[in-house]
Amino acid sequence: MALSGMRGLSVFISDIRNCQNKEQERLRVDKELGNVRTRFKNEKGLSPYEKKKYVWKMLYIYMLGYDVDFGHMEAVSLISAPKYPEKQVGYIVTACLLNENHDFLRLAINTVRNDIIGRNETFQCLALTMVGNIGGREFAESLAPDVQKLLISSSCRPLVRKKAALCLLRLFRKNPDVVNVDGWADRMAQLLDERDLGVLTSSMSLLVALVANNHEAYWSSLPKCVKTLERLARNQDIPQEYTYYGIPSPWLQVKTMRALQYFPTIEDPNTRRALFEVLQRILMGTDVVKNVNKNNASHAVLFEALALVMHLDAEKEMMSQCVALLGKFIAVREPNIRYLGLENMSRMLLVTDVQDIIKRHQAQIITSLKDPDISIRRRALDLLYGMCDITNAKDIVEELLQYLSTAEFAMREELSLKAAILAEKFAPDLSWYVDVILQLIDKAGDFVSDDIWFRVVQFVTNNEDLQPYAAAKAREYLDKPAIHETMVKVSAYLLGEFGHLLARRPGCSPKEIFSIIHEKLPTVSSFTVSILLSTYAKILMHTQPPDPELQNQIWAIFNKYESCIDAEIQQRAVEYHAMSRKGAALMDILAEMPKFPERQSALIKKAEDTEVDTAELSAIRLRAQQQTSSALVVTDQRPANGTPSNTQLGLVKIPSMSSNVDHNLPDQDISHENGTLSIVDPQPPSADLLVDLLGPLAIEGPPSSDVQSQPNIVPGFEDAPNAAEATAIVPVGEQANSVQPIGNIAERFHALCLKDSGVLYEDPNIQIGIKAEWRAHQGRLVLFLGNKNTGPLVSVQAIILPPSYLKMELSLVPETIPPRAQVQCPLEVVNLRPSRDVAVLDFSYKFGIDMVNVKLRLPVVLNKFLQPIPVSAEEFFPQWRSLSGPPLKLQVVRGVRPMPLLDMANLLNNLRLMVCSGLDPNPNNLVASTSFYSESTRAMLCLVRIETDPADRTQLRMTVASGDPTLTFELKEFIKEQLVSIPTVSRAPTPAPPVPQPTSPVAALTDPGAMLAGLL
Amino acid sequence: MIRAVMVMNTQGKARLAKFYDFQDSRLVYKHYATLYFVLVFDSSENELAMLDLIQVFVETLDKCFKNVCELDLVFNYSKVFNDEFSLNPILTGEKIHTILDEIIFGGQVLETSSTEVMKAVEEISRLETASNSITLVPKAVSGWRNR
């Protein structure tokens, strides 16, 4: 009977195997599932044996990838069967089909417990296996103590005890809060004395988890681990069945060394000495042999030993020995070992000053770039990237460039990015850098991101010595028959800017340059066309005296593009055409680009963002730390750009130019004088290169009205940095901080006023992020205090100075922030009544000898308690009328940042004032509605109307209406602050006196606009 | 810890898959005849040691099945198996899962000596035989394996 049952299973499996296609298989499975389902339904007639058979079928179907959503009960019920075969099936199928949260598991807990505490070892094993595979919370709660007892019981066989160890480990990993391991330190130490290697292996796994959780408690286990390792490495008392290809249990050796790596260091000199002796023995005693399996095993141990040596910060001698070994490995035939050799070398770079020794293997590593296995090539690339410095940059980058032509597509992007970064960081001279990037674009244009060529342009613009060279190079590349579009972009840009420097060279007259660039025009995309148009305009400008023939040619082109469908191109064509006809005016507007402000390389930033691989990541971090390693990378330390920490990312300068350090400032002035719009942003570097490069191109020929309005703007911009600084830290007080913040605090604050998460403050030691949630008049902020250092920040203090209108509660801030850790401090906020005052966070910490104290405005501002609500015309006017009593506030605001209406609407929307379009018939006006929440006012409807004057964008009239006079006033002032340019805060406190209203247009009374006007 | 064990054939069809946890990580594989043995694990394991573990698993299977092949994995997945030519006549059902459970337990290496694993597996099969002996009708199924 039974066998026929199991034969049914075999038949079913062969049926499935004989299925020709997936469809047949599915039909067969469906049929079987139907069959099993019916059999389960009238369970009464089902013998345990039949039940077992069907449960097996279910598991098989489940493994084929079909959903099996019934029969779980039957599987679980088999666990309580008295006979072994059924019980076994029950346990195995339950462990496979059910997860830890399944309700049916609860039904089995009692049976499982009985099996565990029972005398039958086989049942104990089954139960432990199932519990260990599932590891649920309820299991942990009711079974962990029993499992612990089994583990230390002296009467149990090793077979059971090793399972108990791993079962406990699993329960502990899953529910560390439930499994009580207090006082296990002594027991673990005892367990490590175990002679049976099976139990020892399992106990070691358990120890790894416990030590990883809290190494302090397990110091007593450390010498035992070293003893175990000694026993294994010396092959003392190791039974034959535990030697694997002649190596005493490599797994236990590896596990033991892993466990040791969880202890920060080894203090006891004797233990340390003993351990180093063993490690030395492992390092020396491993050879590459013929047998693959033996090789694997011995190298598994060896690599773990290397990791432990690195962890323990061994003496240099031992380290160099390790590097020498790795050097040997990267040359062997076995690909696994080559791979691990390269990977471990990358890790090695992070540890100590072994770079010089690693460099000895450079040739071999470069050979690995040609390895047939792509993962090995990748490792080699990472390693080359990590080991590159000023001394070998030339060789490595040239190697990478050469490799670029043969590398497969999957790697080219990474390769070109890395080559570009290395070239930038370690350029022995700048002309070499330009060479490298141009070659890069030439060879792998498709994989060169815009960032790369933007960066070249930046360098060339900022280094005068480089300009003729770069222009000449760009000119050379244009002679090539087929060049990549990126090359067209960069050479057109360079020749437009600096082509005139080549004028005397053969083939470089403006006309010739123009014609060779113009040849490329038909083949390029519209984005490049707009760059080309700018280049033409620049060529025209530089050709003095004007060459009528060239002029006509270019004008014809401008003329042609004046009707281009692409608005950007059209605008440029129109503007350049008009300006170039003005002659002298062109000179001013199209003058050479000013120098770029220094900034972090967007490439490096990008690389940091995209890295996933830890080894690689750490390599980049390492790069970022060893800033001053190369003599030629000189960064100038202008205080304007702030922080010492990003000096290593600053622009590379030729030392001979150091007399010219301050060139940036005069340049900015020049740019103002000669009338180009303020292109140089006075703020610290932003990562957005595109804005810098394309911005100027677009603004070069601004509409005439803008040029006229300039006198108004420029002073504003000049005020900006000072004003911003003044508002950056609220009570400016005693700012004797030696640590300078990164980025502009005021800017960060303003950004956070409009969004709910971001960085509030950053300096080289700490980053404070903020995340906020708002619900009506309540808010919850979380401050993320992230220690960026490898040392702890101490005496951390955060005190909130709330204004009277807010109730704020900050949870406890820990006094110490551990290295590289992030602490979250929730902050509850309740808004009592409307006010524009700002809460201040007084934050201080100590790092080393630096005591830092900053006072930061918290972005808990009025608009956070607004809730945008849409209002229709039918609702709006009655509301407006009802609110139009005395609290209505009307004011003319002057000194408004000129902005298009659309931007203003966006600004209002960002402030959570919902702009209701179409309500006001005058397209120059904006109407917005919102509701304000505070404890005193509850929800309060607020209506805003802004009337702008298209002739003078610097002034407008604003009307605010709400049911509460304070709210009306505060809201009006708040919006005003946002509208007048933020940097010119100095003006805000002295609002312009109301002026006579401009006569409102008289219209029919049915017109809603007229109604509005009438109500005013 | 070890996240998953998979065995698949050269056509990519899974012959054994057992997950201990569901997060991706690195993996090692070893190729034997028509089968790939794959181990998925996290950074707390040593890659080469995992490769060795595959070898132990395969060696154990080999001892159990006398020259293990893909079909053994297909049919011994659950079958009560009676090998006429074997000295210990009846091995075990659920064999592959049982063997795996004796080597890897909840994502941790349980036992690395294939001799020890064999002992445990044989003990289980004896138990099974004992409880099955009444109902079991010997039947040669070697035909399955020759297909």
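Modeller: In chain A, strands β3(A) and β4(A) form a hairpin with three residues between them. Pairing requires at least two DSSP bridges between strands, while strands (E, at least two residues) and helices (H or I, at least four) are DSSP runs numbered from the N terminus.

This is a predicted model, in which local features need pLDDT of at least 70 and side-chain atom pairs pLDDT 80 or more, whereas totals for chains, interfaces and linings use all residues. Residues are numbered from 1 along each chain as written, chains are lettered from A and ligands numbered from 1 in written order, and side-chain values use heavy atoms, without hydrogens and water.

Over all chains there are 57 salt bridges, each a side-chain nitrogen of Lys or Arg within 4 Å of a carboxyl oxygen of Asp or Glu. In one of them, the closest N and O atoms of Lys57(A) and Glu32(A) are 2.8 Å apart; Lys57(A) lies in helix α3 and Glu32(A) in helix α2, so the pair ties together parts 25 residues apart in sequence. Lys57(A) is buried (under 20% relative accessible area; exposed is over 50%, partly exposed in between, 1.4 Å probe, protein chains only), and Glu32(A) is likewise buried, at 5%. In chain B, Glu116(B) and Lys119(B) meet at 3.1 Å, N to O, and both lie in helix α4, three residues apart, about one turn of the helix.
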